[in-house]
Amino acid sequence: MLSRVDVVEVVGRHVELKKAGINHKGLCPFHGEKSPSFIVSPSRQTYHCFGCGVHGDAIRFLTEHHGMSFVEAVQDLAQQTGLQVPEDERSEADRAAAAEQRQRQTTLTDVLAKAAQHYRQQLKSSPRAIDYLKRRGLTGEVAQRFGLGYAPEGWRPLASAFPRYDDPLLAESGMVIVQGADEGKSEADQKRYDRFRDRIMFPIRNVKGETIAFGGRVLDKGEPKYLNSPETPVFVKGRELYGLYESRTGLREKGYALVTEGYMDVVALAQLGFPNAVATLGTACTAEHVHKLLRFTEQVVFSFDGDAAGRRAAGRALEAALPHATDTRSFRFLFLPAEHDPDSYVRAHGQQAFEAQVRDAVPLSRQLLEHAAIDCALDTAEGRARMLAQARPLWQALPDGALKLQLLSELARQGGLPAEELSGLWGQGQGSSRGRSSNAQSSSGSPAEVDDPFDDGTPPGERYASRSKYGSGEPAWRKRPFNRDRTGQAEGPPAVRGRRPAPKRPEDRVLQMLFGQPQWWDSLPGNEHDFLHALPAPHGELIAWLERDLAEHGPRSWAVLREALATDEALPEASRQLADGDADPGATLDDFRRALDVLLERDLAQQMKQLLAQAGADPAALQQYRELDRQWREVKRRQAAAPKDET
C-alpha cells in the first residue's frame, strides 16, 4: 500500500506545499512557524520538519496529524489506493453489516455537517447571539475556528435547512425530537420539533474534523444551561472530547493537554493563549478519553473546581489515567479556587499566573496518595489499614515500572509498613502485577479494541510510533512543561545534564543512508560491497538483508522497507531500530560517500599497520601493503576534494 501511496498527495491535502528542488516544502502543521521548514520527500516517501523534528510516512502523518489509530490510517489509505484491507474472520453477513454501518455513519455526518452550516449562517444574522459572544470576550476569528453557530428561537427552524423535516435521519442524528413515536402513535399524530432552540451552538468534531454532535448553551437564564446531542451511531459521549480536533497543533506547541469541563472554557482559553484545551462532554473523564489524548501528547493536566464535586471528578480522572501512567508520561491535577474556572482565572489574573498554576499542578503520584487517604485517620492503625486497602486497586492499575515501585515505597511509608512487607501482603511483586494491571484497566472502562489485529495493549498511535527510535519526534523539552530550576522558577528548554550524546558513528550513518536511499548501493564498486558485508554485526547483517531486498524488489522507499523490517522476525529489535532510513532526511550522495570514505580510510589504515609488522618476514605482505597504500591515498584524495560536511 505504501508503495502506491504518494506522501506528497496525502500531506498536500492538509499542508500547502511548494516544489523545492527534488522535494516539497511548506509550513509545519505540527508546530507554529512563519518560515517553512517542513520537507516532504517524494523519493523517500517521507516527511521531516527541521524545526520540531517530526518525521514519518503517510501512515505516520495520519496517526500524528489526525490522531487516527494505525489500523484506521491503513484503512483510510487503502481505500484511496483501491486496496482491500484483510478482514478478520467474521462471516460475510457480519462484514456486510459493518459496511452498512460505515455507510450509515457517513450519511449521519453529512446531515450534521449541513446542520452546522445552517447554524453558522443563523449566527451571522442574529445581533443578539453575536452580542452574547462579544460580551464573553470572543472574537469572530475564534468563533470561526470552532465553527460556532446559533439555533434560532422557534419549534422548527431546521425545516428551512432540509428539504424534508420528516426525514428519519434528522431524528437519528439527534437534531429533531419525535414525540409520540415510543407510544406507538401514527406518523400523522407524532409531533416533531428541533432539539436545540435559542442556543449558541458548539459543533463537536471527531479527530477527522467531521461534525458528529452538538452542544448548545443558553444565551440568557434557562435550564439546562448546556444541552448535548444524544448518543447516536456516530457519537458516544464517553469517547469524545470537545476541541480535540481544533487543538491538535496547540497540543504539540504547548506540550501538554489541558482537560476542562466546559465548551466555553475551551474556546475562551484558545483565544487567551491556551490552544491546547479540550473538554469532556458532561461526563466523567474516561480511560478512553485518556487513550485518545495520548495519541497527541505525553503530558495531561486535568483541571477541576476545588469543591467536593471537583474532587470527585478528579478521582474518576485519576482512575482513568492510572493504566496509562508509564514512566515517560505525566498526569497532573489542577485545582483552581472555588470562584474560578480556567476562563475566568486567566481573565482575572493573566496568562502567566495561569501557567504558574499549571506548573504547580498536583502530580499523579501525590494525587493517588491523597485519594487513597480520603476519610482515613492516618494517626491510627485502623486508618492506615483503610488507606492501604483503598490504595491497593489504584496501585495495581499502574503499569510496571519505576513509578509503580516508588509508589509502593511511598504507600508503605504512609501506611507504617516496610515496603517488603507491603509487597508480600498484597501478594505480588513488580513482575507479577501485569495481569492484574490489565484487569484493572478493563474494569475502568479502557477501550478493548477486539477488532484490531495489531492490538498489543498499547494505544494504536503509540504502537506505530514506537517503531521509530525517535518516538513522536517532539523536542524533549516540549514534553516536559513542568521543569523547574532550583529557585522554583519555570524553565524553558532544560540544560543538558551530564555528557552530550556521542556523535553518530560513520557505520551507523552509512547504513541509515543506504536504507533511506537504497539505489545508492548500485553506485558502489564490488570491493566496497564486500567491505560493507564484512562489517561486524548488526551492520553487516543489515547490509546483507538490504542487498537481498534489492535483488528481489529493486530499490524501494524507506516507508516500504520499514514495514518489511518490522515483519522480519529473524531480525532483533535493536537491528530494526538501527536501520532508520529517515535518520538523515537531507542526506545527499556526497554525504554518503564522505561517511563511507571515513570507514574505508580507518579500515585500510588498520590493515596497513598489520601488514607493515609482517613485512620483514613475509615479502608478500609488503606487496599487499603497497596495494592498500594506493587505495588509502585514493580515499584521502577524495576526502580532500569533497565539500566540507557542515553537519
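This is a predicted model: local features need pLDDT of at least 70, side-chain atom pairs count only at pLDDT 80 or more; totals for chains, interfaces and linings use all residues.
Which residues in H23 are buried?

Residues are numbered from 1 along each chain as its sequence is written, and side-chain values use heavy atoms, with hydrogens and water left out.

Let me begin with charge pairs. A salt bridge here is a side-chain nitrogen of Lys or Arg within 4 Å of a carboxyl oxygen of Asp or Glu. Searching the whole structure gives 32 salt bridges. One of them joins Arg 128 to Asp 220, with the closest N and O atoms 2.8 Å apart. Arg 128 belongs to helix H5 (residues 127–135), whereas Asp 220 sits in the loop between strand S10 (211–218) and strand S11 (226–228), so this pair ties together parts that are 92 residues apart in sequence. Helices (H or I, at least four residues) and strands (E, at least two) are DSSP runs, numbered from the N terminus.

As to accessibility, buried means under 20% relative accessible area, exposed means over 50%, and partly exposed lies in between, with a 1.4 Å probe and protein chains only. Arg 128 is partly exposed at 35%, and Asp 220 is partly exposed at 48%.

The next pair is Arg 205 and Glu 246, whose closest N and O atoms are 2.7 Å apart in a salt bridge. Arg 205 lies in strand S9 (residues 199–205) and Glu 246 in the loop between S11 and helix H8 (248–254), so parts 41 residues apart in sequence are tied together. Arg 205 counts as buried, at 14% relative accessibility, and Glu 246 is likewise buried, at 9%.

A further salt bridge, at 2.7 Å from N to O, links Arg 347 with Asp 343. These two residues are 4 apart in helix H12 (residues 342–349), a separation of about one helical turn. An α-helix has 3.6 residues a turn, so residues three or four places apart point the same way. Arg 347 is partly exposed at 40%, while Asp 343 is buried at 5%.

Salt bridges also connect Arg 505, Glu 507, Asp 508 and Arg 602 in a network.

I return now to my opening question. The buried residues in H23 are Trp 558, Ala 559, Val 560, Leu 561, Arg 562, Glu 563, Ala 564 and Leu 565. With 8 of its 9 residues buried, helix H23 (residues 558–566) is therefore largely enclosed by the rest of the structure.
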